[in-house]
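Subject: The structure I promised you

Hello,

Here is the structure I wanted to pass on to you. Please open it and keep it beside you while you read my notes.

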Amino acid sequence: MAFNLLFSSILFLAIVKTSIAGGIAIYWGQNGNEATLNDTCNSGRYAYVNLAFLNKFGNGQTPEINLAGHCNPAVNGCTIVGPEIKHCQKLGVKVMLSIGGGVGNYSLASKKDAEDVARYLWNNFLGGRSSFRPLGNAILDGIDFDIELGSPLHYEDLAKYLKKYSKRGRKMYLTAAPQCPFPDRLLGTALNSKLFDNVWIQFYNNPPCQFTPNNTDNLKNSWVRWTTSVKAKRIFLGLPAAPQAAGSGFIPADVLTEEILPAIKKSRKYGGVMLWSKFWDEQSGYSAAIVKSV
């Protein structure tokens, strides 16, 4: 009887521990001085890597990927990233293509435009076929919506068209990185579609809903609103990986692990922490400091 009780207690604790375990998502690609994709995944600290960014698409434009100093897509130079994507995936890391970003030329003019962009993404980065695939024959795990410019129109349509392709066998993930003011001005409608697997909310550069010294309430209250309102499977706390990585919102590692994570982990939707970006994480060592607590 005592053994059974002890075993049940251990099993319960294991289940609880598993249920609140999270991962770290990192944005990679916007600084040529950061580690390679291989080294990023070899660190063992990241569950998701978002390749940043496909920052030109829509309105009949030929989409373009921009991986800063890592490679030059104009001369087919980014196919060298393909084998590294496969390496990461063999390690269990999900590798996403992030579309949008803070600098670029993108928007969706109509449902037809959204359908065309979805087809392009499928054929050039996911499970489809194209004579020119910017990252070679690697098949990415999904698409991340980091929409920070332009109009909010038709991103819900884009998500719906992309999800239709997911029915062709291999699961395709949809993720998004809205700003923390609720609802997000550009992605609010799309997030209501219930099509997104992970949502990593940017709790920075937005003082009303981010951490400020001696005040964790704004962030915690915003977290509750997001996790009780958005129908995504997992919600992540998006943060700058260093003070210089954003205009505001950096949380010291000890404050995050001791004060904030214990509170937000109470949500069943807690998925982990998203960091901007790999380059800044290398400068600060932030992910190494928090990974055991995430």
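Below is what was found in it, grouped by topic.

First, the ground rules. This is a predicted model, in which local features need pLDDT of at least 70 and side-chain atom pairs count only at pLDDT 80 or more, while totals for chains, interfaces and linings use all residues. Residues are numbered from 1 along each chain as its sequence is written, and side-chain values use heavy atoms, with hydrogens and water left out.

The annotated domain

An unreviewed UniProt entry places the feature "domain: GH18" at residues 22-294. UniProt positions are given in the numbering used here, the feature names are shortened, and annotations may be inferred rather than shown by experiment. Helices (H or I, at least four residues) and strands (E, at least two) are DSSP runs, numbered from the N terminus.

Which strands pair with β2? Here, two strands pair if DSSP finds at least two bridges between them. These are the partners:

- β1 (residues 23-28) runs parallel to β2, with four bridges; W28 sits opposite L51 of β2.
- β4 (residues 94-101) is also parallel to β2, over six bridges; V95 in β4 is the bridge partner of V49.
- β5 (residues 105-106) is joined to β2 by two bridges in the parallel sense; Y106 of β5 faces F57 across the pairing.
- β3 (residues 64-65) runs antiparallel to β2, again with two bridges; I65 in β3 stands opposite L54.

The hairpin of β2 and β3 has six residues between the strands. In this hairpin G58 takes a positive phi near 85°.

Backbone features to check

Most residues other than glycine have a negative phi, and most peptide bonds are trans. With that in mind, here are some places to look at.

A cis peptide bond joins A52 and F53, with omega about 0°, and F53 belongs to strand β2. Another cis bond runs from F182 to P183, where omega is near -5°; P183 is in the loop between β7 (173-176) and α6 (188-191).

H154, which is not a glycine, has a positive phi near 75°. H154 is in the loop between β6 (142-147) and α5, and it counts as partly exposed because its relative accessibility is 23%. N205 is not a glycine either, yet has a positive phi of about 60°. N205 lies in the loop between β8 (198-202) and α7 (217-229), and its relative accessibility of 40% is why it counts as partly exposed.

Helices and their packing

How do α4 and α5 cross? The axes of α4 (residues 111-125) and α5 (residues 155-165) come within 8 Å and cross at roughly 40°. That angle makes α4 oblique to α5. The axes are lines fitted to C-alpha atoms, for helices over the stretch in contact, and angles run from 0 to 180 degrees between N-to-C directions. Angles under 35 degrees count as roughly parallel, over 145 as roughly antiparallel, 65 to 115 as roughly perpendicular, and the rest as oblique.

The residues making this contact include A114, V117, L121 and W122 of α4 and L158, Y161 and Y165 of α5. Contact means heavy atoms within 4.5 Å.

In helix α8 (residues 253-264), the buried residues are V255, L256, T257, I260, L261 and I264. The buried residues of α8 pack against α7, β9 (234-240), β10 (270-276) and α10 (286-290).

One buried cysteine

Finally, have a look at C88 in helix α3 (residues 82-90). C88 counts as buried because its relative accessibility is 0%. Leaving out residues up to four places away in sequence, C88 touches L37, C41, V93 and V95. C88 and A47 are 41 residues apart in sequence and 9.7 Å apart in space, C-alpha to C-alpha.

Note on methods: Buried < 20%, exposed > 50% of the residue type's maximum accessible area, 1.4 Å probe, protein only.
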